[in-house]
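Here are two exercises to work through with the model open on your screen. Try each task before you read its solution.

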Amino acid sequence: MNKGIRNIVPAGHIYVRDNILEKGSLTGVDESKAAWAKDLNLAERAEYTFFAGCGYQHMKYIEGMMNALKSAEKMGMGMGRVMGIGKVFSKVGIDIASIAAKVTASKEDPYTNVLRKAVSVLRKLGVDVGYLGEKEPCCGSPLYYDGFEDDYAGHVRKNYEIFKSSGVKKIIGLVPACTSALKNVYPKYIEGYNVQVQHFFEVVARRLEETGIRPAVKEKIKITYHEPCQLSRYLELVSEVREVLQRIEGLEVVEPDAEQCGMWSTCCGGGGLEASHPELAERIGLRRAEELLETGASVFISSCPACEMQLAKATRKLQRNIRVMDLVEVLDQALP
Amino acid sequence: MNDAGLKEVEKEILENIQICLKCRMCVDMCPTYEGWFAQSSAGRLMAVNLHIKYGLGSEEELGNLLFSCTTCRRCQSRCRMLSTDCSPADTIIKARQYLVKRAESREGKRS
């Protein structure tokens, strides 16, 4: 990495890039990719391939890293705002980041469970899914958004070879950023890309329509839905998600201002921003949480790991007793 | 990346910015906007334009500005609906890629 690039790209993003290219995951923590699916008996080949992505699997480590960074700052280690996670740790020479991430990872991990529940929802709706397990690559989309286009093009072609050799024809993605990259960005870099990519909620909305199942939650709850950017404006799946929400009986959906939901939902400040501008990301998260609090809902529902982390952090900081859940969890509870 | 390729990316970015009407409809859509024009998508585009055309601002400053964008595309939806559809968010991502490529072609991939 030359000095020019080090001046331009924030250290946090370079850290993520090195992790993806060298270790094949977002945080570089070596965790078995098949661990979450251990006892689910997912076949490798099936009609649809489930793409789990790094997001849900590594969010607990990212959360841990951010906490470690914060407490280091409080101890007066003088870590500047611009100084990203990567620079700090690579200066020491050993890969402290992944050790710190493993130690500080939150004990109750609400994120990885979402993947298991997603598979359970698909099975309840009669969709046959497989999973590549250890072979599943990182989609590499941070490379694209952080400017490393050449690295991204190479990474993407390697991934496509993996898909081809494993006979992947149809993918169901869950993490919005991965799915939007697989669907919209991959074809730009690969000639003859013929993998059909769908987001989880496209499939769920269609299957609910076909089967006529009416999911119902036991206790009536008042919720508001936070739309992830990648889902509403990149994948343009606003109406599908609303359909799913409206089908669940017992959910009272309250929406914020029309300019703050659906197509126009405000950003939570997650994504890559917390790796380079953590303070700005926190302020954006607080602003979004306040918008959602105005609706008077007691549960915030979203469907992106980064959004959930940001909202959970913001509500904790505002000292409001709000539960942040994933729509997949609600759906799994509600389906018979 | 060779110079011809770099020029092509540059042209693409400048063409997109040219379409921008500077109507500032997108400004208060931007989640990072806290009062300064440069904290919004239109401001970022303007900074990219001035940097590429006249060499104003250092690469560090421009990088910091571009990487403070969350790429949430709210500006882009607003631009498509009410203005000239110059795809500000995609242009910001392109500009990041351009800066990295320029540094690579100047200093070599690894050094």
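Predicted model: local features only at pLDDT ≥ 70, side-chain atom pairs only at ≥ 80, totals over all residues.

**Exercise 1.** Find the face of H10(A) turned away from its buried side, and say which exposed residues it carries.

*Solution.* Residues are numbered from 1 along each chain as its sequence is written, while chains are lettered from A and ligands numbered from 1 in the order in which they are written.

Next, the buried side: A:Phe200, A:Phe201, A:Val203, A:Val204 and A:Leu208 are buried in H10(A). Looking down the helix axis, these buried residues fall within an arc of 155 degrees (taken from the directions from the axis to the C-beta atoms), so they line one face.

**Exercise 2.** Which elements of chain A do the buried residues of H10(A) pack against?

*Solution.* Go by contacts, meaning C-beta atoms, placed from the backbone, within 7 Å. The partners are helices H6 (112-124) and H12 (238-247), plus strands S3 (170-173) and S4 (196-199). These labels are DSSP runs numbered from the N terminus: helices are H or I with at least four residues, strands E with at least two. Finally, step past the end of the helix: just after H10(A), A:Gly212 has a positive phi of about 70 degrees.

**Exercise 3.** How many residues does chain B bring to its contact with chain A, and which helix gives the largest share?

*Solution.* Chain B brings 26 residues and chain A 29. H5(B) supplies the largest share of chain B's side, 10 residues.

Conventions:
Buried ≥ 20, exposed ≤ 12 C-beta atoms within 10 Å, placed from the backbone. Contact = placed C-beta atoms within 7 Å.
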